[in-house]
Amino acid sequence: MLGLLLAIWGVAGLCASSVDGGSFDLQAAVDNAESGTTIHVPAGTYPGPLVINQSVILVADPGTIIQGDGQGDVVQVHAPDVTLRGFTIRGTGKSLDRENAGVTVLAPRVLIEDNDFEDVLFGIYLKKAHDSVIRNNRIGGKDLPLPRRGDGIRLWYSPNSLVEQNTVSNSRDVVIWFSNNTTIRDNTVTHGRYGLHFMYCDDTVLIGNHLEGNSVGAFLMYSRRLVIKDNRFIRNHGPSGYGVGLKEVDGVDSENNLFAGNRIGIYFDNSPASVDMVQHFTSNVVAYNDIGLAFMPSIERNVFTDNNFIENVEQVAVLGSGKLKKNRFTVDGRGNYWSDYTGFDLDGDGIGDISYKAQSLFENLMDREPKLRLFLFSPVQQAVELAAKAVPTFRPPVKITDEAPLMQPVAVTISVGSEPPAWPTTTASLVLLLSASGLLMCGMTGTLARPSADASLVSMTPQAHTDQPEEATKPILSAQRITKRFGRLTAVKELDLRLRPGEAVALWGPNGAGKTTALRCMLGLIRCKGAVSINGFDVRRQPKKAKRCVGYVPQELAFYDDWRARELLGFFAKIKRIGRDRVSAVLAEVGLTEHASKYVGELSGGMKQRLALAAAMLADPPVLMLDELTANLDAAARESFLNLLCRQRDIGKAIVFTSHRLREVETLADRVLVMERGEVVTTCEPRKLAEVLGLKSSLRLWIEMDRLDDAVSQLRTEGFEADRNGKTVSVKVRPDEKGKPLDALLAAGIGVRDFEIDSNESGSQGRRVEQGGKR
Amino acid sequence: MSPRTIFIIARKELRDALRNRWFLFYTVAFSVLALAMSYLSLAGSGMQGLAGFGRTTAGLVNLVILLVPLMSLSIAAPSLAGEQERGTLAYLLANPITRFEALLGKYLGLSASLTAALAIGFGICGLGIAANGDSAGVGVYLTLVVMTFTLGFAMLSVGILISTLTRKAAPAIGMAIVVWLCLTLLSDLGLMGSALAFKLSIQELFSLALINPLQVFKMSVLHNMNTSLDVLGPAGIYATQAYGRWLMPLFIGSILAWIILPLALASLTFSRKSIA
């Protein structure tokens, strides 16, 4: 029974030790076999190195491993006509000098197929092994830095060989040197340095190979009559990064290949090298490379037809100075497809009516100074091109011309891979649009118009304001030695102000006196010297707390005009942390309830003034600051507004305001600070302001013509400054005594038909005109 | 500092931006151009798995570099200056908010509005590409989106700084356009000229390019697209080899610096500014 079993395995009676292959001695089996014998190797791990000196056929069971000792080759083939099939070969040494390989073949006609190579420096190394076949092996290199790796497959003086359907990854190169008439077919080489490296291999055929992610796809050198067909050179992007590099090769015939995503699709260096050779490139796709075709300047005699040049960053580059010539891009009235062609096809024959020209100043610059590629995809690139188009002097020479460019890409039969699903894109785009919608909703919804109610924050009146006895002695606003300079101009000089609850103080003065600046200093809007505290909070150090105690009405009513009145108050209510009920309350308080839904821009000046006051009163602050408080109001509105402010003062608000108008000051203020050139020149009661300032009003009186002189005399007798002024009498009086001249004339029996008041209330500080009525 | 107050200001700024006709114009312009560019990038390719977002992204890089800084700068520069000119800023600051809250709120509001505009543009563009059947490199595309947002935020930051340095909208916009021209064109032209005239080394050229946020944006997107910067020639290869895995953090750090530093400077300037 045992003998029968051994006979089935091909070699009877060969029993020796193995690592765990039972009693089968592989080396002994090989050594003792006769030439041509087939040896079936049972599954197990066998020690390397295995030296094959007989022309045997070794067929391994699945799971058969030849384990090297990490010191040299794993298998050495010294005999011709050997077959090595189905092994896992691993564990070579790491010596690049000794070229440690998984299988080193030193004899011809060897077949190596269906093997797995793991952890090998070199994979399969044919040295002078002509007519050999390397088929369907999977070769994985050692985990070493690229320069220290070996070659996945190396053919050295091994002509007439066939290398097909192998998969090589993470090795250094696949090298085919000095091996004429070799066929490289349907191999996949990834993540190495040179997917294929040819030297001196005439009459070689490359068909259906897939070379991806290497530093260079294939570098073909010093060879003649090469057929390159149906290959895919993809994403080879190292420092050289050629899909295919051609150096001094002759007679390349390239058809139906894909060169995509490489740094350079096809690189030409002195190819063809012989003057009598022409190379043909037909029906290839050169797409999405940084450079589609790169030529050294002396390159000639390459013919390109029916190729697709699609979206290469630079379709054609001439590396170095010199003009490219004698390469043809049109044969028999048919050229290539160029994705950047901007011509037209009026006759509809599929051929562009104007020629395609690769001509770009920026590309020329890049070709001469490669470091300028840094500026690719920058606007400066377009600027340079624009300059070249606008100024003929800058226009670069044409690199190549295709006289008959194709309007549509040529149909190709290259399989790139499975199409990825579209759902991630759709999902990502929908998420983006939903996010945008969310933001738009956030900005568009009327939440600003509906501030959140916070009962605890409805009234922000500070405690100090409700504590009347203490406030009676303690100022709610204190400004000490406020000084503000704009360059050489002193806008405010050492202003002192103490304001108590229920007190109204007016800052009086002409334009430029510093009133507005003083208010803004007190609000902290303008940096100044001195100290300001509001309700005990330092404006500079505790700005939020201080400003929470102030309602401010500016001179120039600047609102967001495209907001509705209620919306605006809602916004400020949120900032002040006031409940929504308060918005309606203050609108009612200032008489704007029926205008609450109007846009601010639609409100009259008076309404805006009231709206400003409403905003100022939102938080029920203890201090109101008003800049030119009735500047935008007519006479009736002014009275109403003053009454409103008087009520606020009477309920305990402290008010500081600026004004030109004597009447306002007299009505509202308890105290007046008269300012001139930034300085407080005097402080007085409002009723004494006119006297202090020496203000006089001028009255013009219409009297019967025959009583004009009598009237002047009578007025002078009464102590008035009176003069005849044509058909009228002009009288100077104190602003608060404008009725007295009339009384004096009436008492003297002189009738006054009419009068007009020219008021000069500001005395030397300014001039205002008030129109009086007629009596 | 109150996040609530900042949020209120940001929301107000977002609301104002959405009502601004420029916002509408920029949103439509960006969407249309992005869609057109992606369509043109895909047209005639027929190479599923090789074209798609990679090439679209490359085309969009140019569009983003031109349009997004212009959008950001031109909406941010007049934001504070315009309000100051109209007097609304003084009025706003007379309320219980700090200047930093106002500035940050405005910045965040503008950022939100810009994000909305760009998201609409990219969303429409993405749907267009998906409808075209191309979906390779969606990760690259999303990286482009995120990096565009950050570039926009950086430019907003610069715009806000400009806004704090000026008192009126018109000079602010003028200054913004000058800055835009410098960043998009003049600095690159200057660098190109210097590279040729002074024979700048690759290291020097790359280091100088890192100063320009637009270049940084471009390089970061290209790096993500190709997993290297080889497409940018020797300088790109140098960057890939010299910085390796730290290249992307370097880019992100540079853009973040362009967000933080101008904003910090703007805050400092704004805190010392007299609001007249």
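This is a predicted model: local features need pLDDT of at least 70, side-chain atom pairs count only at pLDDT 80 or more; totals for chains, interfaces and linings use all residues.
**Chain B**

The secondary structure of chain B consists of 11 helices and zero strands, and the order along the sequence is accordingly α-α-α-α-α-α-α-α-α-α-α. With a radius of gyration of 20 Å, close to the 19 Å that the globule rule gives for 276 residues, chain B is as compact as a globular protein of that length. Taken along the principal axes, the box filled by its C-alpha atoms is roughly 60 × 50 × 30 Å. Of the 276 residues of chain B, 59% count as buried, and among the contacts between residues at least 6 apart in sequence, 83% join residues at least 24 apart.

**The side of chain A that touches chain B**

Between the two chains, 68 residues of chain A are in contact with 78 residues of chain B. The elements of chain A that give two or more residues to this side are helices, and they are listed below with their residue ranges.

| Element of chain A | Residue range |
|---|---|
| helix H4 | residues 379-390 |
| helix H5 | residues 423-444 |
| helix H9 | residues 543-547 |
| helix H10 | residues 565-576 |

Of these elements, H5(A) gives the most to the side of chain A that touches chain B, with 14 residues. By residue class, that side of chain A divides into 42 nonpolar, 11 polar and 15 charged residues.

Methods: Residues are numbered from 1 along each chain as its sequence is written. Chains are lettered from A and ligands numbered from 1 in the order in which they are written. Helices (H or I, at least four residues) and strands (E, at least two) are DSSP runs, numbered from the N terminus. The radius of gyration is taken over C-alpha atoms; the globule rule is 2.2 Å times the number of residues to the power 0.38. A residue is buried if 20 or more other C-beta atoms lie within 10 Å of its own, exposed if 12 or fewer, and partly exposed in between; C-beta atoms are placed from the backbone. Two residues are in contact if their C-beta atoms, placed from the backbone, lie within 7 Å. Ala, Val, Leu, Ile, Met, Phe, Trp, Tyr, Cys and Pro count as nonpolar, Asp, Glu, Lys and Arg as charged, and the others, Gly among them, as polar.
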